[in-house]
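User: I would like a close look at a single part of this model, with its surroundings described as well. Please keep the account plain.

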Amino acid sequence: MAAAQEADGAGSAVVAAGGGGSGQVTSNGSIGRDPPAETQPQNPPPQPAPNAWQVIKGVLFRIFIIWAISSWFRRGSAPQDQAGPGGAPRVASRNLFPKDTLMNLHVYISEHEHFTDFNATSALFWEQHDLVYGDWTSGENSDGCYEHFAELDIPQSVQQNGSIYIHVYFTKSGFHPDPRQKALYRRLATVHMSRMINKYKRRRFQKTKNLLTGETEADPEMIKRAEDYGPVEVISHWHPNITINIVDDHTPWVKGSVPPPLDQYVKFDAVSGDYYPIIYFNDYWNLQKDYYPINESLATLPLRVSFCPLSLWRWQLYAAQSTKSPWNFLGDELYEQSDEEQDSVKVALLETNPYLLALTIIVSIVHSVFEFLAFKNDIQFWNSRQSLEGLSVRSVFFGVFQSFVVLLYILDNETNFVVQVSVFIGVLIDLWKITKVMDVRLDREHRVAGILPRLTFKDKSTYIESSTKVYDDMAFRYLSWILFPLLGCYAVYSLLYLEHKGWYSWVLSMLYGFLVSTAGFITMTPQLFINYKLKSVAHLPWRMLTYKALNTFIDDLFAFVIKMPVMYRIGCLRDDVVFFIYLYQRWIYRVDPTRVNEFGMSGEDLTAAAAGALTPAPPTATTVAATREEASMSLSTKPTQGASSANEPQESPPKPAEDKKKD
C-alpha cells in the first residue's frame, strides 16, 4: 500500500513496474555547508553536528551489528564432525552421476506425499529416456531443455482443498525407480525428489456495504462462503507451469561443510559418502497473479512440466531467493504478501528494456541515499534548533495527526507487519518533534483520575515573542476556509458511493484518502505564508529540503515513464511547484545579517564573536578595583615634603593577597 506523504514536503518515490506478463516457464530462467558555531558567552551554540565520516562509521557499525545478529540466528545446529571414523579427516565426495551419464526421467503425479504405486499407469505423467547429464545442446531449441504438457484429471479430494504432489525420479539408463523390481533397481543409480505443486493462499473477505443503503456489490457466493468459513479462508491454488532443474555440478563437496542454503539440497549417501545429483523445482518466474483457485467447478488442470540443466552459480541465486529467512517469528502472512510484492520486480526483469532497468536500479539507489540524508538532516535540524522564529509549529502538530491517521488506517486494513513497524516509528519521530517545538512537562499536582500525572503543553518563548505564532495561526485559518469544504464534499462522496466495513472504517478511509492527496499541500503552504510575512527564509532546513526536492524530481522522472495513478502524478507536480516557490523566496529575500539562523544566531553575533576573538580580553571589575587599591596605598605611603606630624596615626600595612581577593 502507498504510504502517506511526509509532513515536510516531498512525497516518497514508489518505483513500481507496471503491466502483466505470461506466467509460462519454459526454460531455466534466462532472461550549503552548515554555518560554523562560534563561541559566545551570551548565546551558547548547539553541539557541533557530526561530520560525514562519523555518519559513515555509524552506518557501518549498524551493518556490522545486523550481520552479527543474523549470523547468530543462522548458525542453527552445531557443525558436524569433520573427522571420520578413527579420527581421520573426511575426504572430498564426488557426484554419483558422472559427467555425460545416460539417464531416464520419470515424473509421477499423486495425491500422496510418499509415492509407491509405480504400476499405476494413471500416475505416470511423463517419461523421458536417454537424457545426457550435463548436455546443454539437445532438445527442440538446442538448449538442453525438454517439456511435456497434459491435462490432469482432478481427484475429488483435490477439488475439496486437498493436496497434490509431483514425484521426480532420475535413474541411470537401464534401471527403474521401483525398489520392488530387484533386478532393475539400484540405490546409487536412483535420485528422487518430490514436492506439493498446489499452493495454499489465504483469501480474505471484507464485509463492506454502503452505510446508508446497506447494499453491497460483493458476489453473493462470496458472502455465503464468508459466513460459512469466516473472513479468512485458506484455498488451494494452481499454476500450470513448473520447471525441473538438475544442477550440472561436480564440486567435491565435503559432508558437513556445504554452506547454507545449499546444504538443504545436497544429499549425501550414508554408505559411500558421495552425493546425489541436485534436483531443484524452479517456480521462481511463476507470478502470483497467475495462480487461480481449485474448486469443484474444475474437472481438469493443465500442467506443463519442463526439464532443463542448471549451472551452479544460477542455482545458488535461485536457492538464495527461495529460501525463507530464519527469522520466521513474523508468520507466514508476511511471506505471502512479500511474494506478491516481488511480482512487480519479476515483471520488470522479464519485460523491461535492460537499459531502462539499469537506469531504474541506479536511480532507486540514489533515491534511497537522498531519503536517508533527508531523514538524517531533518533529525539533526530539530535536535539542534534553539529558536522557533519563522517555523510553523502547527504544521508539526498536523504531521503528528496525519501519522496517527495512517497508523490507524493500516491497522484497520491488516497491512503486513513491516509496514506497521515503519509507520509506528514515523509516529514516534513526529511525537519527538513536539518536544522540540513545545515545552512538555508532567503536572504532578493535577493528576488524571487522581493517579496519572497530567501532560501540559506550553508554547516556547521564541515562538510567542516573535510574530511567527500570529502568522502561523493566520495561515491555517485561511487554509481552513478551502480545505474544510473540500473535506466535507469528499466525506459525502465517500458515504454515498463507496462501501465500508463500518462507521469507524469510513472515518479512517475518508481521512486517509483526503490526507494522502492534500497532506503535502497542507504542511508546506503555511511555511510559505510565514516566509512571505517575515521576508526571510534563513530559518528553513535547506539541506533536508534539497534532498527531498531531488527525490521529488526523481519521482517526476518515473511518474511519466512508468504507469502510475493520476493522483500520484498530480502530487509530484504539486511538490515541484511548492519547492520552486521556496527557491523563488530564497532569491527575493536576500541575506539579512540581523536575522537569526537555524542555530539561533545572527550574522552580527558571528561578526562580533570573531572580532572579540582577535582583541585582548578587557579588564574585569575585580582587577580594576585591585589596581586602584594598590595605587592609593602606594600614594599614601609616600613621605610628604616639608613636614610630618608626630600625632598623625601611622599608615596600616598593605593587605595581603587573600584580603584583596575578598574585596
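Which backbone nitrogen does the side chain of Asp269 reach at 3.2 Å?

Analyst: The model is predicted. The side chain of Asp269 reaches the backbone nitrogen of Val271, at 3.2 Å. A polar atom of the Asp269 side chain also lies 2.8 Å from the backbone nitrogen of Ser272. Asp269 itself sits in the loop between strand 8 (241-247) and strand 9 (279-282). Its relative accessibility is 5%, and because buried means under 20% relative accessible area, Asp269 counts as buried.

Beyond the neighbours within four places in sequence, Asp269 is in contact with Leu96, Arg187, Leu188, Asp274 and Tyr276. One of these, Asp274, takes part in a salt bridge with Arg94, where the closest N and O atoms are 3.5 Å apart. This pair links distant parts of the chain: Arg94 belongs to the loop between helix 1 (52-74) and strand 1 (102-110), while Asp274 is in the loop between strand 8 and strand 9, 180 residues apart. Asp274 is buried, at a relative accessible area of 11%.

The structure holds twelve salt bridges. Among them is the one in which the side chains of Arg195 and Asp283 meet, at 2.5 Å from N to O. Arg195 lies in strand 5 (residues 190-196) and Asp283 in the loop between strand 9 and strand 10 (292-293), so this bridge ties together parts that are 88 residues apart in sequence. Both partners are classed as partly exposed: Arg195 has a relative accessibility of 28%, and Asp283 has a relative accessible area of 24%.

Asp290 forms a salt bridge with Lys289, and here the closest N and O atoms are 3.4 Å apart. Asp290 is partly exposed, with a relative accessible area of 21%; Lys289 is also partly exposed, at 46% relative accessibility. Elsewhere, Arg394, Asp459, Lys469 and Asp473 are linked in a network of salt bridges. As a general point, side chains of opposite charge can pair when their charged atoms come close.

Another loop position is Gly162, between helix 2 (156-159) and strand 4 (165-172). Gly162 counts as buried, at 15% relative accessibility. Not counting residues up to four places away in sequence, Gly162 touches Ser157, Asn198, Tyr200 and Ser236. From C-alpha to C-alpha, Gly162 and Ile235 are 9.4 Å apart in space, and they are 73 residues apart in sequence.

Next come the helices. Helix 6 (residues 354-384) has 31 residues, which at 1.5 Å a residue should span 45 Å; the end C-alpha atoms are 45 Å apart, so the two values agree. The buried residues of helix 6 include Leu357, Val363, His367, Phe370, Asn377, Asp378, Phe381 and Trp382.

Trp503 lies in helix 11 (residues 503-534). Trp503 is partly exposed, and its relative accessible area is 49%.

Note on methods. Residues numbered from 1 in each chain as written. Predicted model: local features only at pLDDT ≥ 70, side-chain atom pairs only at ≥ 80, totals over all residues. Heavy atoms only, no water. Helix = DSSP H or I, 4+ residues; strand = E, 2+ residues; numbered from the N terminus. Buried < 20%, exposed > 50% of the residue type's maximum accessible area, 1.4 Å probe, protein only. Expected span 1.5 Å × (residues − 1). Polar contact = N/O pair within 3.5 Å; in protein donor to acceptor, adjacent residues only side chain to side chain. Contact = heavy atoms within 4.5 Å. Salt bridge = Lys/Arg side-chain N within 4 Å of Asp/Glu carboxyl O.
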